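Here are some notes for a colleague who is new to reading structures. Please keep the sequence and the 3D view open while going through the points.

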Amino acid sequence: MATVASGQVGLALVDFSLHGIFPEEDISSIPIQAGHLGPALESLAAAKSRLEADIHVINEDTASDVSQWIANAKSLEDDISRTRSWANEIVRRSEAPDVSGRTIQDAEKKVDFLQRESAYNNQLYNTLASIKQVGQLLDEVELARDQGRILQSLHLLEESWAVLDGVPVSKSCRAMKLLDIRAFELKSAVHDVLDYIWSSLVRIDTLTSQVAVFNSREDQQMSLADAVIGLKAYREVDKRMGALWQGLNEILIRPRTSLERDDPPAVRLENSTLTLTGKADRTVPSLFQDIEIVLEYLSQRLPEELVFSLSNIMMPDLIPSIINSWLEPAVPTSLRDMDGFQEVTDATEKFCTRLEILKFSGFEDLQEWVQNVPRVWLAKCRETALSIIRTKLSQGLGEPKEIERVETQTVSQEEGRQLAPNAANATNTDGWDAAWDDPEVATNTEDLPKQPQNEETGDDGADAWGWGDEGNDIEADTTITVSGEEDDPAAAWGWGDEDTADVPEDATKADKKEKPSSTRELTLRETYNISSMPEPVIALILSILEDGASLVSGDGNPMAPAAAGLFSLPTLVLAMFRAVSPHYYALNTGGNMFLYNDATYLSEQLTEIVNTWKARDDLVPRAKSMLRLDNDVKALQLFATRAYSSEMTTCRTVLRDLLGGSQSLLQQDGLGSADLQSQVDNAISYIRTTAASWTTILARSVWSQAVGSLVDTMASKVVTDVMDLPGIGQDDAYNIANLIARITELDDLFLPPGADKNAIPSTSEYANSWLRLKYLSEVLQSNLQDVKFLWLESELSLYFTVDEVVDLIGLSFVDNARTREVIREIQGRPQPRDPAR
């Protein structure tokens, strides 16, 4: 019991000492005995120990702060003591001034220090006051935001930024950083509220395809005009208008302007909301009507400055889409569809006027398109015409078509007598080779279809047509009409039967009296094939010219300014044909020859079109004078010549390569007689294959000249290589003669169809070196006496010169007295066939 009482007394003393708690009455009434004091003192000692330990822990935790506080206190005490000392010194000196210079200097320093201290204190006060003001403004911003007063919150926020910018403290100061962070957070919060209000005023619902714009809402304190001020504060006017245009385009404009759908929806205004319903016409006026509904709705509900910003963003997308997708395809390519196009231009012009009234801008391209409709139409015609040419060419040459060239020539009676024994050979003066003297092709005249020379009668132009090549074809290919005397040799051909049948007898007799030397008309016919290209080109040119004539002749046609440009389109069409056709024609066998025929046919047809055009009575003089195709005709003639020349150059190059190329055919290293025969056979096969491919393309006369040129190339190559040999032995002569015999089998190409074996081929008329090759074979197979006979009595001198024959004798025979004698006799008569001798 004594131990419990002692513990209670100790605890009561500790509580009273630490916490001031007075013990309860039952404890305080316990009588204190000597035995109670020991335990009580122990309790107090233990409490003291615990308290000292706690104080020690606290001292350790706050030692740095306490030390700093003590240091600051000491520093402050030192500053106060120093200031008090300075003040006492100033008072003392003011009472007994010391006029020494050092004393004055010290005083000035102290005054300057005090002034800086005062300025610093003022600056610190102002800074703290500004920080406090910014904090108060930000509090007001937060309050205004919560109450939905967005404009006021923006004004307060702007004011707080101005005050914050005026605080004379570095931005790296912690207080400034905290204020800046809070201002930014409030700006973002106000922006979120503004964004919510804008979304409620300008609603774009992609799910229901509806667009609505409200000036104000009952549940919002902010109007659309006020929202614009907020957008300006955040500099988001263009951004919001861009988003608005994207929504409009996605929901309304793109579905309405798209041509991918057969039944585009129509734009309707229902309950102050734009939406798509029903079906719209696929016409330009209907399109403009729907777009006008959208733009008028926006113009009425958006502030003018938003309309201006929306125009800058919307028009660069909308106007090109309208022009490219709707207006350009609506441009007709012919005057026949011009009535419907006039409705398009009128609707476009009205749409531009309406845009100006609605205060939209940025549609200058559309206005320019309307003002330049004639130029736009001309450009469309040009594009379509050139596209037609490219498309036709890309589709291939198509089925060939047979064309008959007919020409009537008037000849004298003497010319008629000459034509009869020469199988009705006539002079070709049609002028279709008139362009061959152009400098561009003058160097390749050997490639051109030209008039071969007759040995007996000189230059006979009729051979260029193939007249007289074969007697059996004269009646089929050539019709000759003659008027003249009955005893004329040409009468054996029946010439004149067609003309005299319809001529009165008296008129015939009078004509005989007036014209001792009568004339005759020769009708010459020849067929060749063209591809499917020329006729579409001619049809296109005629269509263009007819449209041009209508523009020139008509009154009040809005496209009349494009007439001059329209008359220039045929030149562009033909230029496109000349530029692109070589590529596509080259894809076909004999394509260049088809190109030659097509270009020639085009030039002839254009010439006929020009003549017919100028003779028409239904055209005004201006329409006649605006047609200028003469240069195009010449260009086509030159183009045909180049195509023919290119084909012949290629073929001759291939042929020469087959015959050894630049090397001598007969002097190739390592080749035996069998190899030479194989080379010659390949060359012959190439000529026959090429001739067969040209048979279905070229006219007979041109075919004969082209194949004859290849045959002549082969013959001249062989003759030249033989003449270049250092010597010709008996075996060599035999082998060469065999090669020549193989080559001369090409004579069958120039025989008339169905001719018997006694018919004479016309190879020499088209291959100048053909008889030269044959006589070379004769010389190689002859002895000296035969060579002498060939020179003096036969026609060897017509194809070889004296020097060439002497060289051949030197190559083939041993140099002895007999050889020298024959050479002297040959040299003594250099022109044995000369009639004067």
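1. Before two helices can be compared, an axis is needed for each of them: an axis here is a line fitted to C-alpha atoms, for helices over the stretch in contact, and the angle between two axes runs from 0 to 180 degrees between their N-to-C directions. With that in mind, please note that the model is predicted, and that helix α9 (residues 237–257) and helix α10 (residues 284–301) pack in it at an angle of about 160 degrees, while their axes lie 10 Å apart. Angles over 145 degrees count as roughly antiparallel, so α9 is roughly antiparallel to α10.

2. The crossing of these two helices, α9 and α10, is left-handed. On the α9 side the contact is made by Leu248, Leu252, Ile253, Arg256 and Thr257, and on the α10 side by Ser286, Leu287, Asp290, Ile291, Val294 and Leu298. Sorted by kind, the residues of this contact between α9 and α10 comprise seven nonpolar, two polar and two charged.

3. A second pair of helices, α25 (residues 700–723) and α28 (residues 770–780), packs at an angle of about 40 degrees, with the axes 8 Å apart. This angle makes α25 oblique to α28, and α25 passes α28 in a left-handed crossing.

4. Which residues of α25 and α28 meet? From α25 come Val711, Asp712, Ala715, Val718, Val719 and Val722, and from α28 come Trp770, Arg772, Leu773 and Leu776. In the contact of α25 with α28, eight residues are nonpolar, none is polar and two are charged.

5. Ser769 belongs to the loop between α27 (763–766) and α28. Setting aside residues up to four places away in sequence, Ser769 touches Asp712, Ala715 and Ser716, and Asp712 and Ala715 are also among the α25 residues that meet α28. Is Ser769 buried or exposed? Its relative accessible area is 12%, and buried means under 20%, so Ser769 counts as buried.

6. Another serine, Ser797, sits in the loop between α29 (784–792) and α30 (802–812). With a relative accessible area of 16%, Ser797 is buried as well, and, when residues up to four places away in sequence are not counted, Ser797 touches Trp791, Pro832 and Arg833.

7. Gly661 lies in the loop between α23 (630–658) and α24 (673–695). Leaving aside neighbours within four places in sequence, Gly661 is in contact with Arg656 and Lys717. Although Gly661 and Lys717 are 56 residues apart along the chain, their C-alpha atoms are separated by 9.6 Å.

8. The cysteines deserve a separate look. A disulfide is a covalent bond between the sulfur atoms of two cysteines. How many disulfides does a search of the whole structure find? The search finds zero. Cys352 is buried, with a relative accessible area of 7%, and Cys651 is buried too, with a relative accessible area of 3%.

9. Finally, the chain as a whole can be described. The chain holds 31 helices and nine strands, and of its 837 residues 41% count as buried.

Terms used
Residues numbered from 1 in each chain as written. Predicted model: local features only at pLDDT ≥ 70, side-chain atom pairs only at ≥ 80, totals over all residues. Heavy atoms only, no water. Helix = DSSP H or I, 4+ residues; strand = E, 2+ residues; numbered from the N terminus. Parallel < 35°, antiparallel > 145°, perpendicular 65-115°, else oblique. Left-handed = near helix turned anticlockwise from the far one by under 90°. Contact = heavy atoms within 4.5 Å. Nonpolar A, V, L, I, M, F, W, Y, C, P; charged D, E, K, R; others polar. Disulfide = S-S within 2.5 Å. Buried < 20%, exposed > 50% of the residue type's maximum accessible area, 1.4 Å probe, protein only.
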